[in-house]
Amino acid sequence: MQRDEQLKKITEESLDVLVIGGGINGAVSFAALAGQGLKVGLIDRKDFASETSMHSSNLVWGGIKYMESYEFGLVRKLCMSRNQLMSAYPTNIRELRFFTNLDRGFRFPAIMLYMGAFLYWLIGNCCTGPPRLLTTSKIRDEEPVVKTDKSIGGIEYSDAYLPENDARFVFQFIRSAMDRNGIALNYVESLGGERDQDSGLWRVKVRDQICGNHHEIKAKVLVNACGPFVDFQNKALAQNTKHQHVFSKGIHLIVKRITPHERVLTFFADDGRLFFAIPMGKRTVIGTTDTQVPKPETHVTPEDRSFVLNNINKRVELEEPLTESDIIAERCGVRPLVVERQQDKTITDWVKMSRKHEIDVDTNQKTISIFGGKLTDCLNIGEEVVEFVRECGVKIHENTSIWYGEPGKNEHDRFLQKAAKIRLDDFTPPDASEQSSSRLWRRYGSKAFDLLDQIESNPELKEELIPGSECLKVEATHARDHEMVVHLEDFLRRRTKISMMISQKNLEENPATKEACQILFGDHSVDRWTSFIESSQVQKDVALN
Ligand SMILES: Cc1cc2nc3c(=O)[nH]c(=O)nc-3n(C[C@H](O)[C@H](O)[C@H](O)COP(=O)(O)OP(=O)(O)OC[C@H]3O[C@@H](n4cnc5c(N)ncnc54)[C@H](O)[C@@H]3O)c2cc1C
């Protein structure tokens, strides 16, 4: 019903702006434009955030590595973006310590790294805890899993991260824009379109990926936020841009927690790049890689896996070294890196390529294309897109509402009181990584009150959905009614992080997963279960070939 209504609205009404692509860049554009009171729509050909934005390292960081290439302007900008995100999202974005060990032969002594980290801290307005210089014995005492036989000491500094799923963070922007009358649809693909010179409107042809029907969407301005597919979409729209993308693949492996401490273990991998073991609830996310690839469609190869496993096994001492059988889930995405179109494509130092974003605007054609970027920079992208839409001639009223951020402290306190009243946390499983009330607030913001109301009228809904999932039954009923879940995977991987906590095999074998499917899809649950199993088989086949 929800989907049919959205489809009817987006095809019948003529929009001010259509955003194509629902990763972080599309989602913030959509939210910022809806916050200005514009009539704005967003479509994604798959689920929201189902490409690069669900494969990041979850770090919201000021770009400490750019200190080495003296890009202080970029570092300052990223630090300010990080600080702004940390203050707007106090429960979604948390400060985290990066505990860094250096081995003999590293290109700088520890003291120099410490001085760099100190400067980084100053550039970031000292908004986080200050850095520390670590001796080898301190590293050994504080983090015994780190191998210190070749250590020359290290440093600890702060940045921030998303303890939740990056894809869920993206979805929250989309959901908030929908509350401001934005119209969003997943599984609707843009096939390209034309600008009608008489009406001045774009007519974009789209295909509903669920039933195969074709429709047309009309809009004054188009925002191309297709991430790694921006160039393909511009071709379909017959648009030329100054910039284009090249691609770098990055993978992460998810394993059981390798240290109980809530901090990132930071190393320099064999290729000299920063390499992280990042906490995610009861799991550790290890990566990443940086490999040039010719096209955006990629998957994890055996070489990628062994690169990550070898590097971590060389640097941490566990009871047994990690092997492929310890991998619970994998993440694999391509970074869309921006280059000027005429630039020679034989890039010599791939890893040192800038990760900044560029936005190309054509005020005659009324198109805006977003290239590159980082999650960290997302609020700036939203603000910049609003300005470019204005330049394209769409009237924007001043003094419109703030389009991002969590509800305030009073609202949060009121939620915690209500959660305590219904004794929500009494049912948090003893091995859970956090209390259910913290998680519900972080994931749902003020909508979490509705979840408490549902639990109050049906206490069974506060039970865990699937053992070990850190997700309550009420979250599935909420997702069914409000979160545009089309496939089981949308829920398990993007609205929650269940499929990164529990392996695909265990999920398939557990009857509770089928029950979750039943809650989510009712009469359609058998079809959705079958497609869940089939799509996992397809992924296994792709990985094998
Ligand atoms: C391994 C890795 C680690 C990273 N780590 C970090 C990090 O720690 N911190 C950080 O800040 N950044 C990080 N990044 C960068 C960040 O993740 C990306 O810059 C960002 O997610 C890109 O978002 P996007 O919206 O441009 O693209 P995407 O997320 O790829 O979104 C594009 C969307 O467009 C849709 N689409 C494509 N074609 C069409 C069409 N024809 N019609 C409709 N929809 C279409 C796709 O389905 C997709 O959902 C990392 C990236 C990688 C790969």
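1. E156 is buried, at 5% relative accessible area (buried is under 20%, exposed over 50%, partly exposed in between; 1.4 Å probe, protein chains only). E156 forms a salt bridge with R97, with 3.1 Å between the closest N and O atoms (a side-chain nitrogen of Lys or Arg within 4 Å of a carboxyl oxygen of Asp or Glu). The pair links distant parts of the chain: E156 sits in strand 6 and R97 in strand 4 (residues 94-103), 59 residues apart. Strands are DSSP runs of E, at least two residues, and helices runs of H or I, at least four, numbered from the N terminus.

2. Basis: this is a predicted model, where local features need pLDDT of at least 70, side-chain atom pairs count only at pLDDT 80 or more, and totals for chains, interfaces and linings use all residues. Residues are numbered from 1 along each chain as its sequence is written, and side-chain values use heavy atoms, without hydrogens and water.

3. The salt-bridge count is 49. One network links R94, E164, E434, R439, R442, R443 and E475.

4. Two other pairs have partly exposed partners. E262 and R257 form a salt bridge at 3.2 Å between the closest N and O atoms; E262 is partly exposed at 41%, and R257 is partly exposed at 23%. D481 and R480 form a salt bridge at 2.9 Å between the closest N and O atoms. D481 is partly exposed at 36% relative accessibility, R480 at 40%.
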